[in-house]
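Hi there,

Here is the structure I promised to pass on. My notes follow below it.

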Amino acid sequence: MTQTSVPRITTLPTNRHPDRPFDPPPELAAIRERHPLVRMTYPDGHDGWLATGYDACRAVLADRRFSSRYELMHLPLAVDGAPAELPPAALGDLTGIDAPEHTRLRRPLVGYFTVRRMQALTERVEEIAAAHLDAMVRGGSQADLVPAFAKPVPALVICELLGVPYADRDTFQRHVFTIMGGRSTAEQVGAAMGALHEYLLGLVRAKRARPAEDVLSSLTETDLDDDELAGVGAFLLAAGLDTTANMIALGTFALLCDPHQLEVLRSDPGVVEPAVEELLRYLTVGHTGVRAALEDVELEGQVIRAGESVTLAMGAGNRDPRRWSDPDVLDLRRGAPGHLALGHGIHQCLGQQLARVEMRVAFPALLSRFPGLRLDCAPADVPTRPDANIYGVHALPVAW
Ligand code: HEM
């Protein structure tokens, strides 16, 4: 296909099929079928690109000629009140900066999120999960899984790990939801980010004065200054709260809609690890990314010019039939190596080992505690969050 005949679309599809809440918007599959990299007109008039193919998304994520700097990007969706140009990333926001600044901020953190360190948390995550399941049992025979289990378990874990008082959660969770929920104006997001930063700054100063056994205290011994630490702390907190919570809730929803796969997971403890990877692929809660070309780059037979934005439909990439057989089927045994749900390249999820430990504990603990767990409403009545940066459900009524 020549550069001139590449397909063009004018709007990023966002509507999911009401009967298939776990699938990306169906138009994305139709676009991918035509070409894995198409031209897209952005809401601000920018003439950019949309990648829907697995190889195209992965290639962009791996290529340093594509920048993550927000101020260079055009947004694929109109956001109320958003300025014409995005401001640079807030201090500590690793996803909006490039090397070498990104390397400088990420390097001191890596050692605190290794496989070994995170696996050492398994027992504590099991205790936290069990305590919340006990509370569900005490509460009767039905619950909303989101506030009862999916949200508090990762929240308590990330708070303990960082050394953020869990008792303050109502405040910081509200700020995080304003930032990540996808329904706030740029002004509201800015205010919430400022408030979260101030909160973390207070904590960092207190930890510098009186260090405790937690990651924020340990980080005060690195070269990062208080403002950078507050920024990184706020970012880690936000990243650790919403993502895993939505994976646990949406993953449970998907399993309850698929009795055969549910049985596979219940009956074979050996399937837990591949199951978590497959759920990550199948659900891809972080469904969309954006990068901006720093120079001309040839990709999929096209030339992306310097300055052009590329939107990455990672949910579509993770369902690409050129990469996966029966991509729209949830198959817990497949393991889905190489999926893009945790990103790829220098920005690949820093908290991925923590997220894995949490999910490997949460799903089996929930299913073994409640052998008769079922959805307590019609699947179509589960309120999904199609507008949010992180896809998931607002609530998940369950009974047992
Ligand atoms: C299942 C849960 C999770 C999912 C699906 C997820 C997904 C992602 C994705 C897709 C990225 C890449 C963003 C990009 O390339 O722009 C990312 C980055 C990141 N994630 Fe996660 N994440 C999860 C859990 C966590 C947790 C628990 C933490 C807490 C520590 C965390 C911390 C981060 C950080 C700090 C980055 C930025 C890394 C960088 O830019 O260098 N994530 N995550």
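Which helices each supply at least two residues of the lining of the second largest pocket? They are helix 8 (169-180) and helix 11 (226-256). Helices (H or I, at least four residues) and strands (E, at least two) are DSSP runs, numbered from the N terminus.

Before more detail, please note that this is a predicted model, where local features need pLDDT of at least 70 and side-chain atom pairs count only at pLDDT 80 or more, while totals for chains, interfaces and linings use all residues. Residues are numbered from 1 along each chain as its sequence is written, and side-chain values use heavy atoms, leaving out hydrogens and water.

**The pocket**

A pocket here is an open set of points on a 1 Å grid over the protein atoms alone, where a 1.4 Å probe fits, with protein on both sides within 12 Å along at least five of seven lines; lining residues have an atom within 4 Å of a point. Of the 14 lining residues of the second largest pocket, Val146, Lys151, Phe177, Asp242 and Arg385 are the closest to its centre. Helix 11 gives the largest share of this lining, five residues.

Six strands form an open sheet in the order 1-2-3-9-6-4, with mixed pairing; two strands pair if DSSP finds at least two bridges between them. At the edges are strand 1 (8-9) and strand 4 (66-67), each pairing on one side only. Strand 1 runs parallel to strand 2 (residues 37-41), over two bridges, and Arg8 has Arg39 in strand 2 as its bridge partner.

Best wishes
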